[in-house]
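I opened this entry to record how the two chains meet. My notes follow in the order of the look-ups.

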There are 2 protein chains.
Amino acid sequence: MDFAASGRPKVVIVGGGFGGLTVAMKLAKADVDVTVLDRHNYHCFQPLLYQVATAELSPGDIAWPIRHVLRKQKNARVLLGKVTEIDVAARKVIADSVTLDYDELVLATGATHSYFGHDEWEKSAPGLKRVEDATIIRRRLLLAFERAELAQDDAERERLLTFAIVGAGPTGVELAGSIIEVARQVMPSEFRCIDARTTRVILIEAGPRVLPSFPPHLSDYTQKSLERMGVEVLTSTRVTNCDDEGVDLESGRLQAATVIWAAGVVASEAGQWIGAACDNAGRVVVNDDLSVPGHPEIFVIGDTASAKRPDGKPVPGIAPAAKQMGAHVADVIASRARGAVPPRAFRYRHQGDFATIGRRSAVMKMPYLEMSGLMAWLIWCVAHIYFLIGARHRLMVAFKWVWDFATFQRGARLITDQRDQL
Amino acid sequence: MDFAASGRPKVVIVGGGFGGLTVAMKLAKADVDVTVLDRHNYHCFQPLLYQVATAELSPGDIAWPIRHVLRKQKNARVLLGKVTEIDVAARKVIADSVTLDYDELVLATGATHSYFGHDEWEKSAPGLKRVEDATIIRRRLLLAFERAELAQDDAERERLLTFAIVGAGPTGVELAGSIIEVARQVMPSEFRCIDARTTRVILIEAGPRVLPSFPPHLSDYTQKSLERMGVEVLTSTRVTNCDDEGVDLESGRLQAATVIWAAGVVASEAGQWIGAACDNAGRVVVNDDLSVPGHPEIFVIGDTASAKRPDGKPVPGIAPAAKQMGAHVADVIASRARGAVPPRAFRYRHQGDFATIGRRSAVMKMPYLEMSGLMAWLIWCVAHIYFLIGARHRLMVAFKWVWDFATFQRGARLITDQRDQL
């Protein structure tokens, strides 16, 4: 292919998420050839994935082609393919569709949900990491109400109208708040046989409080807000089994037709591709410049990297961290390409934690500022619109939010692909 | 279920398309209990389906839950289910999910594509009738470009960049125009290895001209417009075989990675459910009040009905015809319910034919007005926005059209569900 024949250093980036895309964009002016390889053709804005799962936004609102984002960057190309192997000695990335030589390699392949050794639970309790996950959850959520409307006996109807969410981090909290709103505000006028307001949403957390990464009083505020909305919050409660009928808790059985997994996270298998040392969540332990020990030409960033903050705490698996790592690695690569001294060690700057609790409240913890309630929610909305890529998406999502806020509607309530229907 | 225990006549409508939905809505004030049964939870605005297939709109823009449309109509309920059988003697509709008694039954189950006895072609040449069809075509369209970017030899690259559309009715014309625009206007800046402007789009029609239902000079105008845009139009050309590598024409072989079927149409199997006499396209031959001979309590409307115009010509299988039939049947049912004399025979009023040719031109044939070019296209846009249900969808689709018209973008270019990837 003509593209990579320039003789300039070849930078291959595996993964077009927040980390990988940042590396590519920050290398726009560097004298290198950039190839972004991803198994999907799109970049997904994960922080809003829960809104696709709960039928507020369409997949197209929060995901857009990687090659469209990079279309004006002449030193970058985008290829679709799934990595099968990396030949570290020969410096080759081998995918199902193509084999790529590299001079510098960036692995930014993210993380997926972990079932703590019980992968058989995934079928009954899908997690929420990819666009496909969101449409699977949306389908189950909507089908549960459809089936309840058709149900002939009370126990079955109750089971269908019970939603269990395992894990009360930001994703679990956001899902719980959003689902109870769908059930109480959107659905009631549309069903004739069931009373959708009787829907139960149960948020199950193994730890002692919701939002463990937040200060305790914000966890407390969040739990009280959720409970006021109608969510049942069970803390210090461990799930011992998931099946198609519900979940087993230490405290007993919970019959629930829809179970969503928002608990554990495990890194992608990138560490295995390169035979690197990983921590117990599968993340590659990196040097302080984010390169892999023994391989200065390979970098690992984002949710796949195990990096430390100056105070020894781990860098969290969130979008701003992935972007900061991406910017740092692009800086190292660009410096090397022009023969300059690479920057010093990566230093993570924690900008804060954020979680929404339904359609009018949020909690926010920044280094010098804490906030909860409506004001935090408004800041959350503005911040997330701001971070979307492209004016088209910003306008569209803003329009849908304003419209649906005013009308209590949900815009994307399609049950497509009914393989598991009725 | 409480809903149907009122003792009022039970009207069951199978199918929530244009016909079925019109019947339901027009019965809002009638003293009957209406049940709409559909195998999908949404009503699909089929005239814009080609824009989902070509990545302009998201499925959620043109499909919305039937129960949302009918939420304020207290005498109507909506159930999800697929009919397996109709017991005409016992007046029961038997679905996979529920069994419904009826006093009056309306079958409005539409049509699907017909391969003229070659159903094995469907796998290689999908048609465009349902939302799922549109996302299948979108996936193939986008994957063809992705694979071409990765292709190692010229013949394969050419095959991947060749799109064959079989059938030059409005759907075929609209697809051809839209695909050539994607290839020539959207894609070129985003690919580094291929020149997307070399894409071939070939529109194949067995008859002597495109848009056979239009006057010849508009067919001529359409063909010239398409050719100016770069589409190759082959009229009087029959397809003798479709496979995964391309199509066989009477005139020879055409290697094409993407083949789309826009040729034949066959009615749903509703005629078989009730053992009625059907024409050779599977449509039920109906009385002039649209009831089934021998069954005054069963009506068939829309693409599943074989009805005649006063001049003996068949009523066409288009949305306005389905709506008119639906309104007529609602009138008959409402009259019977209040003991009044039912209206006279159904009379179809043909409002016109419309087809777009890309993003700046259309042809329009109304009883006293013909038009082509930009003005016709603007009327087409306004008319289609108007016929969308709900202000939210109207604003959203209008916004996307204006935006993408100005920027030459496409908003919904996601390859989701990659079962057949690479």
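I note that the model is predicted.

I then looked up the elements on the side of chain B that touches chain A. Those giving two or more residues are helix H3 (59–62), strand S4 (63–65), helix H4 (66–69), strand S5 (76–80), helix H5 (131–150) and helix H12 (391–407) of chain B. H12(B) contributes the most, namely eight residues. By residue type, this side of chain B holds 27 nonpolar, 15 polar and 18 charged residues.

Next I took the counts between the chains. I found four salt bridges between chain B and chain A. For polar contacts, I recorded 20 residue pairs, both residues at pLDDT 80 or more.

I turned to the extent of the interface. In chain B, 60 residues are in contact with 60 residues of chain A. The area buried between the two chains is about 5,300 Å², and carbon and sulfur atoms give 57% of that area. On the side of chain B, the residues that lose the most area to chain A are B:Arg67, B:Arg192 and B:Arg392, which together account for 16% of what that side buries.

Last, I checked how the copies are related. Chain B superposes on chain A by a rotation of 180° with 0.0 Å of shift along the axis, at an RMSD of 0.0 Å. The two copies are therefore related as by a two-fold rotation axis. I also noted that the same surface serves both copies, since 100% of the contact residues of chain B recur in chain A.

How values were computed:
Residues are numbered from 1 along each chain as its sequence is written. Chains are lettered from A and ligands numbered from 1 in the order in which they are written. This is a predicted model: local features need pLDDT of at least 70, side-chain atom pairs count only at pLDDT 80 or more; totals for chains, interfaces and linings use all residues. Side-chain values use heavy atoms; hydrogens and water are left out. Contact means heavy atoms within 4.5 Å. Buried area is the accessible area (1.4 Å probe) that two parts lose on being put together, summed over both. A salt bridge is a side-chain nitrogen of Lys or Arg within 4 Å of a carboxyl oxygen of Asp or Glu. A polar contact is a pair of N or O atoms within 3.5 Å; within protein, one must be able to donate a hydrogen and the other to accept it, and residues adjacent in sequence count only if both atoms are side-chain atoms. Helices (H or I, at least four residues) and strands (E, at least two) are DSSP runs, numbered from the N terminus. Ala, Val, Leu, Ile, Met, Phe, Trp, Tyr, Cys and Pro count as nonpolar, Asp, Glu, Lys and Arg as charged, and the others, Gly among them, as polar. Copies are superposed by least squares on the C-alpha atoms of residues with pLDDT of at least 70 in both.
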